Amino acid sequence: MKSLDIHKSEYLKQFETQTYGRNLFRTQEEERLDAPNEECGIFGMYSDHDLDTFSLSQFGLFALQHRGQEACGISVLKDGKITNMKDEGLVLDVYKEIQDPEAFMGNSAIGHTRYTTAGDKKKYNFQPFFAKNEYDQIILSIAHNGNLTNARELKNELEAEGVVFRATSDSEVILRLIQKNLDLGLRGAIKATMEKIEGAYSVVGMTRNKFFAFRDFNGIRPLVLGAVDEKTYVVASESVALDAVGAQYVRDILPGEIIYTNENEPGKLNSYMVNEARGKQRICSFEYIYFARPDSTLENINVYEIREKSGEKIWEQAPVDADIVIGVPDSGVPAAIGFSKASGIPFRPVLIKNRYIGRSFIVPTQEMRERVVNLKLNPIISEIKDKRVVIIDDSIVRGTTSKRLVKILKDAGVKEIHFRSVSPPIIAPCYLGIDTPSKDDLISANMTTEELRDYLGVDSLEFLSTENLKEILGSSNHCFGCFTEEYPVGKGEEVELFN
């Protein structure tokens, strides 16, 4: 058997050229229904000289493709002019539609990969958003990751003042507030905006002569800063996007911090804390469990190491006699390796991925949708038949894909199935930038662990405890709202953002 270090190396290396797929047992339809979904990834870069922003932004956004697959967009600053392009589809598909790459080469760029949480899926909600002046020139563009909890109230206020909205996304509220306050200067406009908006937000943006980024006072959504050289900076949702463009990780942008450039000091990046007393670290704990790519580092914590430790910890919490350990690709594999290290039970990568299958199957019946799953992942029956198997998964949301996985293993002749989730039971929806089902659809909010074990048809079932998750992360300074129903900020109205 290969050593676990070799398995780890092979597992991580694949994502340098292939898109990270969190849970490949979920069909495209079920990614919306049976998984928590991050709505987007954001990327931005700035230099005092011209760059190949067309290629570099493409590389950075491709590294963030797992954070959103519905749409992609970029804004590029060239010679004081902002050009925008956005469309439905994956990053590489959208970039193929750009007929003149030269038009998207400048000294600054921002980009966005979209997954819908607020607003519908119409093209007018694709990002980056932009604002124009009376001469039909783009003067401001932003890309946003997160969710505002008071967006409806702010939208009503702005409309009463005569502001016209062109989309149905909370991100446009941020754009219009900055635009409204630009007479205060860029930093003043952002500060005034941050003092009004509530919820979770990480934002990158540009004007015709400045680049900026800022993060909410709780730092719920991630935002990292990197540098290619002393006068070329990169900002992104995850550090893997820095790696993709050859930038070195510098640090995470702090909760409540604005970073920005000044046209009078080309190449210098400035920092301003809006209100240090309000700044707290409450980054989403689910970033480490599920959302982020395993080769990312967030808040100086390596995601892969957290996932491997979660496997070790759930072995300590719920040991079991078994013959092999398997992990659901891609997100469950590091925890399965950790479980194997701690228990001595061999890890086997027996769920084989078809690397040539896309996400574009359109099939009309449930029976055919089930078969698509087997096209994506196929078990090596000889490795698991008549064996006692521990299956490690990142989470259980509605339970439908977990039940399907159990059926596939039983059909392959597995003798015993011991199910381990390396997240605590998800009992509450998120209001801060993650698309989760309502509480009525969260199976752990409506069943005991024993009832869920019987529903899945497994021999044993255990969830990582919230206390053990905190121990692995090294602190309680995270958002654990989906596990505890306690949030760093008020959840706002439980209604659609806009009619």
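Reader: At what angle do the axes of helix 10 and helix 11 cross, and how close do they come?

Author: Two packed helices are described by the angle between their axes and the distance between the axes. Here helix 10 (residues 303–317) and helix 11 (residues 333–343) have axes that come within 7 Å and cross at roughly 45°. That makes helix 10 oblique to helix 11; angles under 35 degrees count as roughly parallel, over 145 as roughly antiparallel, 65 to 115 as roughly perpendicular and the rest as oblique. Axes are lines fitted to C-alpha atoms, for helices over the stretch in contact, and angles run from 0 to 180 degrees between N-to-C directions. Helices (H or I, at least four residues) and strands (E, at least two) are DSSP runs, numbered from the N terminus.

The model is predicted: local features need pLDDT of at least 70, side-chain atom pairs count only at pLDDT 80 or more, and totals for chains, interfaces and linings use all residues. Residues are numbered from 1 along each chain as its sequence is written, and side-chain values use heavy atoms, with hydrogens and water left out.

Reader: What is the handedness of the crossing of helix 10 and helix 11, and which residues make the contact?

Author: The crossing is right-handed; a crossing is left-handed if the near helix is turned anticlockwise from the far one by less than a right angle, and right-handed if clockwise. Contact means heavy atoms within 4.5 Å. Among the residues that make it are Tyr304, Arg307 and Trp315 of helix 10, together with Pro334, Ile337 and Phe339 of helix 11.

Reader: How do helix 5 and helix 6 pack?

Author: Helix 5 (residues 151–160) and helix 6 (residues 171–180) pack at an angle of about 40°, their axes being 10 Å apart. They are therefore oblique to each other, and their crossing is left-handed. Helix 5 contributes Ala151, Leu154, Lys155 and Leu158 to the contact, and helix 6 contributes Val173, Arg176, Leu177 and Lys180.

Reader: In what order do the strands of the open sheet run?

Author: Two strands pair if DSSP finds at least two bridges between them. The open sheet of 7 strands has the order 4-3-5-2-11-10-12, with antiparallel pairing. Strand 4 and strand 12 (248–252) stand at the edges, each with a single partner strand, so one side of each is left without a neighbour in the sheet. On average, neighbouring strands of this sheet are turned by 15° against each other, direction ignored.

Reader: How many bridges join strand 3 and strand 4?

Author: Strand 3 (residues 71–78) and strand 4 (residues 81–88) pair in the antiparallel sense over 8 bridges. Ser75 has Asn84 in strand 4 as its bridge partner. The hairpin of these strands has 2 residues between them, and Asp79 takes a positive phi near 55° there. Strand 10 and strand 12 pair in the antiparallel sense over 4 bridges, with Val224 opposite Asp252 in strand 12.

Reader: How many salt bridges does the count give?

Author: A salt bridge is a side-chain nitrogen of Lys or Arg within 4 Å of a carboxyl oxygen of Asp or Glu. By this rule the count comes to 27. One of them joins Asp48 and Lys231, whose closest N and O atoms are 3.8 Å apart. This pair links distant parts of the chain, 183 residues apart.

Reader: Where is the peptide bond from Gln127 cis or trans?

Author: The bond from Gln127 to Pro128 is cis, with omega near 5°. Pro128 lies in the loop between strand 5 (108–114) and strand 6 (129–132).
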